[in-house]
Amino acid sequence: MTDVKSLKNHEQAAISSRALATLPDERLEQVSSWGEATNGMSYVYRPSTVGALCDALALAKRSGRTVGLRGGGNSYGDAAMNSENILIDMCRLNRILEWNPATGRIRVEPGVTLAQLWQYVIEDGWWPPIATGTSATTMGGSAAMNVHGKNAFKVGPIGDHIIEFDLMLVSGEVITCSREENSDVFHAAIGGFGMLGIFISLTLQMKRIYSGLLDVETASRRDLGDMFAYFHEYAADSDYIVGWIDSLAVGKSLGRGDVHRANYLSRGDDPNPAQTLRPENQHLGPNLFGFVPRSIVWLFMRPMFSNLGVQFVNQGKYLAGSLGGVKKYRQPHVQFHFLLDYVPDWKKAYGPGGLIQYQPFIPKETAFDAFSEILTLCKRRGLPNYLTVLKRHRPDKFLMSYAVDGFSMAMDFRVTNENRQRLIWLTRELDEIVLRAGGRFYLAKDSTLRPEIAQAYLGRERIDQFKALKARCDPEGMLETDLWRRVFPVSGD
């Protein structure tokens, strides 16, 4: 029986044996990670039909190039990059194919964005089951990375709400996958970062809602222990819950911050649902405070993106949150969920070096000690993160899952020429803390993970199982990304 290593070597030999043909210069573009800390040159193709997608795959075979897939380009690291090879941008495959407002089932092409999705279904009394921090994510990219939202502890990642999908293999064959049909591919392609095939349609189950508003509660927490206590007390009675942490606080205030939780309104709670469910009553609007164009706000933020500036902002935010105690109000879904859309291009405030995000997932039994150690270490190394978000999670059944019965802490680090190498060293120290705590990593956000760390948390058996499926679905090894080569290299076999 041929083992996975032999299959992989055969795939690579098949690719290397093909002469690299010249591709049109006009297709060559610089492609960046969402955090803009990494970039590379790729031959970019933007098919608008399945036929054009097949043509792009055929061109890749003729030219001897590998193929990477890109949706909204919202991965912080290199998951949607394929440097010096072909990159297929799926955003033009963006049609709603079927919608049943009686059941809430919808079938979409992979380029449909979260913004398109919620605007399409909300007036019928439905909402996407998973809402990421930005509405610019695509359904294909969301499935490939198995994204989650502020309700992950209650409803899991988006994969738990995908009923079935059609997956195009590089051969051109299309297979339908569900929990009953091609179940192994179903549970591996979701969260499989685009390495098994190309989603060409996805069927999802929407969430029934009776109002365009949420009941929201915000409360300040004095330290990390107080933050965890809030999650433990209120998670069971909340539809959404998320914490913001002041990463520069030290001593007795380590881990202080604010918690936001929200609940859906029940039928009859909203006196005017016909209005609150209208899309125009959900939008953030073009201006901040009514007169400052959102498109330029990042310019005013940039002077504050330094250790001293962020310390000042964090102190102000915490003090403002602590005044008046617990606050309760109603807020449109869009305003609660899509915080990253409040300031378009806010990532530019970090400066020309961009940012990376480090997001470990740690079991509930060890999360408090691990996150305390992480926050302390970042401060000691002089590399505090500028935005820190705490979430609660539950496990799932997907093969390459990052989820645990525990917590995640997403941390944004500013990248400069001066600190880039120090950040790499820091993440290696953080990796060891996470592994000791039994944690996992999220490839949608990752920029620094090494093969030995991936093997340590996923396990060799799981990685071999995934590679065996890849050998079956993509026998020539055509589907690749910078992330795949970095985290799962051939030499690692």
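1. The largest nonpolar core of this predicted model holds 130 residues, and those with the most contacts inside it are Phe165, Phe193, Phe371 and Phe488. Helix α12, residues 367–380, supplies the largest share of this core, seven residues. In soluble globular proteins, nonpolar side chains tend to be buried together.

2. Residues up to four places away in sequence being set aside, phenylalanine 193 touches Ala144, Met145, Met400, Leu443, Phe466, Leu483, Trp484 and Phe488. Phe488 is itself listed with Phe193 among the residues that have the most contacts inside the core.

3. There is also a second, separate core, made up of 13 residues, among them Phe305, Val310, Ala349 and Tyr386.

4. Helix α10 covers residues 307–322, and its end C-alpha atoms are 22 Å apart. The 16 residues should span 22 Å at 1.5 Å a residue, so the two values agree. An α-helix has 3.6 residues a turn, so residues three or four places apart point the same way.

5. Glycine 324, just after the helix, takes a positive phi of about 85°.

6. Five strands form an open sheet with antiparallel pairing, in the order β5-β6-β10-β8-β9. The edges are taken by β5 (96–100) and β9 (174–178); each has a single partner strand, so one side of each is left without a neighbour in the sheet. On average, and with direction ignored, neighbouring strands here are turned by 10° against each other. β5 and strand β6 (residues 105–108) run antiparallel and are joined by four bridges. Tryptophan 99 stands opposite isoleucine 106 of β6.

7. Helix α3 (residues 114–121) lies across β5 and β6, and runs at about 140° to β6.

8. A further open sheet consists of four strands in the order β1-β2-β4-β3, with mixed pairing. β1 (28–32) and β3 stand at its edges with a single partner strand each, so that one side of each is left without a neighbour in the sheet. Strand β2 (residues 39–45) pairs with β4 in the parallel sense over three bridges. Isoleucine 88 in β4 is the bridge partner of tyrosine 45.

9. Which strands of the four-stranded sheet does α2 lie across? They are β2, β3 and β4, with the helix running at about 175° to β4.

10. Two residues call for a check of backbone geometry. Most residues other than glycine have a negative phi, and most peptide bonds are trans. Glutamate 84, which is not a glycine, has a positive phi of about 70°. This residue is in the loop between β3 (67–70) and β4 (86–89), and its 60% relative accessibility makes glutamate 84 count as exposed. Aspartate 345 likewise has a positive phi, near 60°. Aspartate 345 is located in the loop between α11 (333–337) and β18 (355–358), and counts as partly exposed at 39% relative accessibility.

11. Is asparagine 151 buried or exposed? With a relative accessibility of 2%, asparagine 151 counts as buried, although its position is in the loop between α4 (139–145) and α5 (152–155). Apart from neighbours within four places in sequence, asparagine 151 is in contact with Pro129, Ile130, Gly156, Asp239 and Tyr240.

How values were computed. Residues numbered from 1 in each chain as written. Predicted model: local features only at pLDDT ≥ 70, side-chain atom pairs only at ≥ 80, totals over all residues. Heavy atoms only, no water. Pairing = 2+ DSSP bridges. Helix = DSSP H or I, 4+ residues; strand = E, 2+ residues; numbered from the N terminus. Axes fitted to C-alpha atoms, helices over the stretch in contact; angles between N-to-C directions. Contact = heavy atoms within 4.5 Å. Expected span 1.5 Å × (residues − 1). Buried < 20%, exposed > 50% of the residue type's maximum accessible area, 1.4 Å probe, protein only. Core = buried A, V, L, I, M, F, W, Y, C linked by side-chain atoms within 4.5 Å.
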